[in-house]
Amino acid sequence: MTTLNHLRLVFLGLAAMLAGALAFGLARSPPSAPRLLPQPAALPVPPSPARVARERALIEAQLAETVDYAGFSRKYAAVWPAEWSAVVDGLSSRRLAGGAPGTPDIWFADALRDLRRSRGILAAKAGAAALARIFDSQAATLAALSVLDKHQCVDFLLGQQNQSFLEFSTRHRGLVAAMANAALDAILDGQANNISRGSPSDADFELLESALRAKGLGKPEIDALLDGRYPEPPLPDERLCEAGAIYLDVLKDLPEETRLRLYAFAVELMSRL
């Protein structure tokens, strides 16, 4: 397989998983049914400054009062105060425009997505320990999901986050916060150290696939993990969830240079999703 094809696999597999985990694609309200006759568009009425200020205060207070999320919010605000202010402004605007009740978990997910898109690429330049913590936090969440719900474990593994994951995250905020803090710490580490690594080579991917086969994974499992999509015909959720845990363990046990190239490249691509 050529390097180009391998890059596509990593993009769809590792990067999709990370992107889904760090900004867990929350289910939004479905679109309303189309009207049969065109209706005149109503001009939006902007909220008053006082209402915006109240919304900002509410969001910041609830994030600060949610114990698991408070540390991340404080660090983000302290390191990039202007950017954090813009994030909260965006959360306030979306909340007021939608009119739906917000929760700290939704606001936290939106803040994570904004951070990933604005500065996530810096995490790819972090040191080995900081990069490893990103993947260790993924493994911890995958392990918890594998105990509770094998199908949701597979969704998480393949980056298919949904309302069920939001419900999981609400009950397991510590795991979500650990993923967020690992990402933020890697971004700060990458900003400080600025380590440049080359793209993974064909040899790196061949080593990965050989290691997966040595752990007992067959072609259907490997293709699903590397291609980031459900296999056809489907595999049992229990088997695919188990394969995901093996996948992360194999990555962790690869030679350091290979592992770090794969980690860094996946994180870089994650920032572009």
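# Salt bridges and a helix: worked exercises

Arg 56, Glu 60 and Asp 89 are joined in a network of salt bridges. The model is predicted.

## Exercise 1

Find the salt-bridge partner of Glu 55 and say which parts of the chain the pair ties together.

**Solution.** 
- Step 1: the partner is Arg 95, with the closest N and O atoms 3.3 Å apart.
- Step 2: Glu 55 sits in helix α2 (residues 49-65), and Arg 95 in helix α4 (residues 81-98), so the bridge ties together parts 40 residues apart in sequence.
- Step 3: check burial. Glu 55 has a relative accessible area of 8%. The cut-off for buried is under 20%, so Glu 55 is buried.
- Step 4: Arg 95 comes to 23%, which makes it partly exposed.

The total for the model is 14 salt bridges.

## Exercise 2

Arg 113 forms a salt bridge with Asp 110. State where both residues lie, and whether they are buried or exposed.

**Solution.** 
- Step 1: take the distance. The closest N and O atoms are 3.0 Å apart.
- Step 2: both residues belong to helix α5 (residues 104-119). They are three residues apart, about one turn of the helix.
- Step 3: recall the geometry. An α-helix has 3.6 residues a turn, so residues three or four places apart point the same way.
- Step 4: Arg 113 is buried, and Asp 110 is buried too.

## Exercise 3

Describe the salt bridge between Glu 257 and Arg 261, with its distance, its helix and the accessibility of each residue.

**Solution.** 
- Step 1: the closest N and O atoms are 4.0 Å apart. The rule asks for a nitrogen within 4 Å of a carboxyl oxygen. The pair is listed as a salt bridge.
- Step 2: both residues lie in helix α13 (residues 256-270). They are four residues apart, so about one helical turn separates them.
- Step 3: Glu 257 is exposed, at 58% relative accessible area.
- Step 4: Arg 261 is partly exposed, at 22%.

## Exercise 4

How far does helix α9 reach, which of its residues are buried, and what follows it?

**Solution.** 
- Step 1: α9 (residues 173-193) has 21 residues. From first C-alpha to last, α9 reaches 30 Å, close to the 30 Å expected at 1.5 Å a residue.
- Step 2: list the burial. The buried residues of α9 include Val 176, Met 179, Leu 184, Ile 187 and Gly 190. Also among them are Ala 177, Ala 180, Ala 182, Ala 183 and Ala 186.
- Step 3: look past the end. Asn 194 follows α9, with a positive phi near 50 degrees.

Note on methods
Residues are numbered from 1 along each chain as its sequence is written. This is a predicted model: local features need pLDDT of at least 70, side-chain atom pairs count only at pLDDT 80 or more; totals for chains, interfaces and linings use all residues. Side-chain values use heavy atoms; hydrogens and water are left out. A salt bridge is a side-chain nitrogen of Lys or Arg within 4 Å of a carboxyl oxygen of Asp or Glu. Helices (H or I, at least four residues) and strands (E, at least two) are DSSP runs, numbered from the N terminus. Buried means under 20% relative accessible area, exposed over 50%, partly exposed in between (1.4 Å probe, protein chains only). The expected span of a helix is 1.5 Å times one less than its number of residues.
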